[in-house]
Amino acid sequence: MTRPPTAPTRYWLERPARFFPVDAVRADFPALAQTVHGRRLVWLDSAATAHKPRQVIDAVRDFYARHNSNVHRGAHTLAREATELLESARARIGAFVGAARAEEIVFVRGATEGINLVAQTCGRTRVGPGDEIVLTTLEHHANIVPWQMLCAERGARLRVVPLHDDGTVDLAAYLGLLGPRTRIVALAHTSNVLGTVLPVRAMADAAHAHGAVVVVDGAQAVPHLRVDVTALGADFYTFSGHKLCGPTGIGVLYGRTELLEELPPWQGGGSMIASVTFEHTRYAPPPQKFEAGTEHIAGAVGLGAAVDYLECIGLDAAHGHEKALVAYARRRLTDDVPGLRLLGPGDGVGVCTFVIGATDPARVADALDTAGIAVRAGHHCAQPVLRRYGLTAAVRASFAFYNTHDEVDLLVQALRTATRRL
Ligand code: PLP
């Protein structure tokens, strides 16, 4: 590993202790090898979506080329192969996040659909007039709007846990909000803006003491932390495949077996039934009860391949590299870009969200794009948390294990140039 030419000596210590072969890993990602505006692409938008290694692209192509069939109900060879591929992906993904059984893994379109499924099934059965749903200020809109819709329908109300100035959750306030009317606690494992990692286990224990169900939005956590849904004490845990190097349009809702068994189905149709007459339908057991219609089989196969890929490159080493990278980025951004203000603690989970004085974040992102650097600017689908810090928009550079220290240097350099011009 060579030392970055522009970084002063003190940054050298923030290199990962364990060797991670980032150059070899990058060679697996075709999208990273392209140029944009004549510059090598620097992808710092992995919190929006991560790029896919060729192992995932190949798995999806191979599925369509050789095994394409509907699942569970075909009496021929390809149907058996497709079913085996889907169910094997379910089992590997379940093991990846610590589920006790493969049947606890429901395939959905993504975290948004996972949360809506819980709101429409668990929420509708458990929440009534005067009941309360507790959220935190740092939630993504996907973990706010479905609960608001449920509250409007059921005559319930949202209670919102405030944040400390440093971006951590006010736990004393959280405990104060829990009470006999709390039916559901819905929280992000990791904030997509601040990078805060919430103490899910402690918060889940407190919620359970009040008889509430705990729903965790793991969209930004699963790509950056080793997640064990059972150890976390989550009743439901959801994430999107596309942020984990898997295909778009596929995600996972983990649910504890007892809860999945007692919940009513969400959508009706084929695949989710045991028997149908015009008088009565008996539903299939979970997870099929929640997978009506033809699902995104190739997506699930691709997500299975993504999980295999991450285990194969060494998840812990990849996370170690990412953590060192984010620490380095935060330090360099603060020290070397005049007027830059970082939001949140970062907690080493991939996001660096910032504003530079009063400069419009969209103009900053445009200037970076001209330099081949992709970041996101705007409200990041989390308007309440930006408002908490007096902002309506910010720039977010987000990192994955395939990013390099040199790319951080390019970002800093481009920001220094841009701020002189804007
Ligand atoms: N939750 C968080 C914390 C997110 O960052 C996102 C996406 O950015 C989502 C939920 C929604 O994910 P999706 O659009 O894949 O459903």
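Visitor: Which side chain has an N or O atom 2.6 Å from a nitrogen atom of the ligand?

Guide: That is D217: in this predicted model, an N or O atom in the side chain of D217 sits 2.6 Å from a ligand nitrogen atom.

Visitor: And what about the oxygen atoms of the ligand, say around H242?

Guide: The side chain of H242 places an N or O atom 2.8 Å from an oxygen atom of the ligand, and A111 contributes through its backbone, where an N or O atom lies 3.4 Å from a ligand oxygen atom.

Visitor: How much of the ligand does the protein bury?

Guide: The ligand on its own would expose 390 Å², and 86% of that area is buried by the protein.

Visitor: Switching topic, how many helices and strands are in the chain?

Guide: The chain holds 15 helices together with 17 strands.

Visitor: Why call the chain as compact as a globular protein of its length?

Guide: Its radius of gyration is 22 Å, which is close to the 22 Å that the globule rule gives for 422 residues, so the chain is as compact as a globular protein of that length. Along the principal axes, the C-alpha atoms fill a box of roughly 70 × 55 × 35 Å.

Visitor: What share of the residues is buried, and what about the surface?

Guide: Of the 422 residues, 56% count as buried, while the accessible surface of the chain comes to about 17100 Å², with 54% of it belonging to carbon and sulfur atoms.

Visitor: What part of the contacts comes from residues 24 or more positions apart?

Guide: Among contacts in the chain with a separation of 6 or more, 72% are between residues 24 or more positions apart.

Visitor: Let's look at I184 then; where does it lie, and is it buried or exposed?

Guide: I184 belongs to strand β7, which covers residues 182-188, and I184 counts as buried because its relative accessible area is 0%, where the cut-off is under 20%.

Visitor: What does I184 touch?

Guide: Leaving aside residues up to four places away in sequence, I184 touches G123, V127, E132, I133, V134, W147, A212, V213 and V215.

Visitor: And how far is I184 from A207?

Guide: Their C-alpha atoms are separated by 8.0 Å, with I184 and A207 being 23 residues apart along the chain.

How values were computed
Residues numbered from 1 in each chain as written. Predicted model: local features only at pLDDT ≥ 70, side-chain atom pairs only at ≥ 80, totals over all residues. Heavy atoms only, no water. Polar contact = N/O pair within 3.5 Å; in protein donor to acceptor, adjacent residues only side chain to side chain. Areas by Shrake-Rupley, 256 points an atom, 1.4 Å probe, with all protein chains shown as cover. Helix = DSSP H or I, 4+ residues; strand = E, 2+ residues; numbered from the N terminus. Rg over C-alpha atoms; globule rule 2.2 N^0.38 Å. Buried < 20%, exposed > 50% of the residue type's maximum accessible area, 1.4 Å probe, protein only. Contact = heavy atoms within 4.5 Å.
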